[in-house]
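Hi everyone, thanks for coming. Please have the sequence and the 3D view open, and we'll walk through a few places together.

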Amino acid sequence: MKKNLNLRSLAAQALEQVVENGQSLSNVLPPLQQKVSDKDKALLQELCYGVLRTLPQLNWLVTKLMARPMTGKQRTIHYLIIVGFYQLLYTRIPAHAALAETVEGAVAVKRPQLKGLINGVLRQFQRQQEELLAEFAQNETRFLHPSWLLKRIKNAYPQQWESIVEANNQRPPMWLRVNRKHHSRDAWMQLLEEAGLNGFPHPDYPDAVRLETPAPVHALPGFDDGWVTVQDASAQGCMTWLTPENGEQILDLCAAPGGKTTHILEVAPEANVLAVDVDEARLSRVYDNLKRLGMKAQVKQGDGRYPAQWCGEQQFDRILLDAPCSATGVIRRHPDIKWLRRDRDIPELAGLQREILDAIWPHLKSGGTLVYATCSILPEENCEQVRAFLERTPDAVLSDTGTQEQPGIQNLPGAEDGDGFFYAKLIKK
C-alpha cells in the first residue's frame, strides 16, 4: 500500500523545483508519482501541469491577495497557495475539499504555523473571485506566456499569434500511431470502437488516430503487443517526407526517446537503422520502445556535431535529423517549457542546429534524402536555418517542402491538430 501523502504539498514541491530551480517537470514528477497510489498519480500530474499552464494568472492572484511574497524557506507555501487557486478555478474538486487538503499541505512541508494564512488567502479569493478574474482579463499577462516568447510569436505570426497562444494553453489531444505491421488503421480503429473508445483518422498522416478522449495506454487494444504507439500526429509526419525503404542504411539522429526510430521500422521493417542520441540516459527509452514493438536497430550514444566518432566514414541513404530545438511547438504537452526557456536560448540552439547539419551532410550518399525536423515554431530554427544551409551548401536541393524563399513546411498547434512541427526535405545532388 502507498502511504497517504498530501498531494498538494507534493505538487507544490515539484512546482518549486521547476520554476525556481529550472528542473524539467518530466524529471521531477515521476519520482513523486511513485510515492502515491495509482488513482492519485493522475491528480498530481493534473495539478502540476495545470499550474504551469496558468502560472502568470495564479502568481498575479498572489500579488493581489498578499501584502508581501513568501520568500526563502517559506517559498514552498507560495506554490501551495497557487495549487489551491488552481483547484478552485480549474478542477471539479469540491471547494471545501480543495481548501482542507491545501491547508493541511502546510503540515506536510513542516510549516503548520502557516495553515491560518493559507486558509485566509484562499477564502479571500473565493469572496473576491469574480472581481479579480474580471480585472485579470484586462491584464497584459492574460495570455499566460512569458513576454519574450509572446513577442517572438507575434513577430513570426502577426495574423495567427492569438490562435497559437490559445492552443498552447489547452490540454493536448492524444494521438496514436497504428503499427501497420499488425493492422491497417481502419482495422485497428474497429478494435478501438469495440473497446468502447472513439477515434478520428488524420487526413494527411496514414497511421495517425486522435482519441476523442485521452485514455490510459492499457485501455488501448494491443498496446503491450506493439499494435499501437502514443505519438503526436505532427511527429508522424516525418515519415511522409523521409519515405524509408527496405534494405537502406538509415540514420535517426537525435533519436531519443525512439518514436521515429520505431516508425521507420514499421514503414520499412528490413531497413538497417542506426539510432543516435547525445543523452545516454534517454537512450534507455529507445531500447524500451524497440523491445515493446519487437524491433531491432543499432543504438549508439553520440554527439551529432562529431559523427566520425560514432559512425566513422559511413554514409547513409536517408537521414532523419530531429534537431535539438526550443520545443516551442509542444508547449501544450510540456507547459514547463514556457518557464524553463530563455530568449537567449534561441540563437544558441540555432547555432547548434547549424553545426549538426553541416557535420552530418557529408555522411549522406549522393541522391540521398535528409529530413530536417524540429518541434519548434520559431523561424530562426526552421525556415531561416534551412535557407541559410541551402545558400552555403551547393549540393543540397530542397524537395517537395516549400520554396527557396520560404523553405520547409510549418505545422502550427491547433485545438484538434498535431503539435507545432517543422519539416524540410533535402536531396543531395
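This is a predicted model: local features need pLDDT of at least 70, side-chain atom pairs count only at pLDDT 80 or more; totals for chains, interfaces and linings use all residues.

Let's begin with the domain. UniProt, in an unreviewed entry, lists residues 164–429 as "domain: SAM-dependent MTase RsmB/NOP-type". In the model, that span is 30% helix and 23% strand, and its end C-alpha atoms lie 37 Å apart.

Which residues does the UniProt annotation "binding site" cover? The unreviewed entry gives Cys 254, Ala 255, Ala 256, Pro 257, Gly 258, Gly 259, Lys 260, Asp 277, Asp 303 and Asp 322. I'd like to look at three of these.

Take Ala 255. You'll find Ala 255 in the loop between strand E5 (249–253) and H13. Is Ala 255 buried or exposed? Its relative accessibility is 6%, so Ala 255 counts as buried. If we set aside residues up to four places away in sequence, Ala 255 touches Thr 261, Ala 275, Val 276, Asp 277 and Val 286.

Asp 277 is on that list, so let's go there, citing the cut-off for burial, which is under 20% relative accessible area. Asp 277 sits in strand E6. With 6% relative accessibility, Asp 277 counts as buried. Beyond its neighbours within four places in sequence, its contacts include Cys 254, Ala 255 and Ala 256, and also Arg 282, Leu 283, Lys 300, Gln 301 and Gly 302. What does the side chain of Asp 277 reach at 3.1 Å? That is the backbone nitrogen of Ala 256.

The peptide bond from Ala 256 to Pro 257 is cis, and omega is near 10 degrees. Pro 257 lies in the loop between E5 and H13.

Next, please turn to helix H14, residues 280–293. At 1.5 Å a residue, its 14 residues should span 20 Å, and the end C-alpha atoms are 21 Å apart, which agrees. At the start of the helix, a side-chain oxygen of Asp 279 comes to within 3.0 Å of the backbone nitrogen of Ala 281. After the helix comes Gly 294, with a positive phi near 65 degrees.

Which residues of H14 are buried? They are Leu 283, Val 286, Asn 289, Leu 290, Arg 292 and Leu 293. These buried residues pack against strands E1 (175–178), E4 (228–230), E6 (272–277) and E7 (298–301), and against helix H13 (259–267).

On to the cysteines. How many disulfides does the structure hold? The count is zero. A disulfide is a covalent bond between the sulfur atoms of two cysteines. The sulfur of Cys 375 has its closest cysteine sulfur in Cys 325, at 3.6 Å, and that is too far for a bond. For Cys 383, the closest cysteine sulfur is also in Cys 325, at 14 Å, again too far for a bond. Cys 375 is buried, with a relative accessible area of 19%, and Cys 383 counts as buried at 10%.

Gln 353 is in helix H17 (residues 345–360). At 0% relative accessibility, Gln 353 counts as buried. Its side chain makes a polar contact with the side chain of Tyr 372, at 3.3 Å.

Last stop: phi angles. Most residues other than glycine have a negative phi. Lys 110 has a positive phi, near 60 degrees, and Ala 327 also has a positive phi near 60 degrees. Where are they? Lys 110 is in the loop between helices H6 (95–108) and H7 (115–136), while Ala 327 is in the loop between strand E8 (316–322) and helix H16 (337–340). Lys 110 is exposed, with a relative accessible area of 65%, whereas Ala 327 counts as buried at 13%.

That's my tour. Thank you, and I'm happy to go back to any of these places.

Note on methods: Residues are numbered from 1 along each chain as its sequence is written. Side-chain values use heavy atoms; hydrogens and water are left out. Helices (H or I, at least four residues) and strands (E, at least two) are DSSP runs, numbered from the N terminus. The expected span of a helix is 1.5 Å times one less than its number of residues. Buried means under 20% relative accessible area, exposed over 50%, partly exposed in between (1.4 Å probe, protein chains only). Contact means heavy atoms within 4.5 Å. A polar contact is a pair of N or O atoms within 3.5 Å; within protein, one must be able to donate a hydrogen and the other to accept it, and residues adjacent in sequence count only if both atoms are side-chain atoms. UniProt positions are given in the numbering used here, feature names are shortened, and annotations may be inferred rather than shown by experiment. A disulfide is a pair of cysteine sulfur atoms within 2.5 Å.
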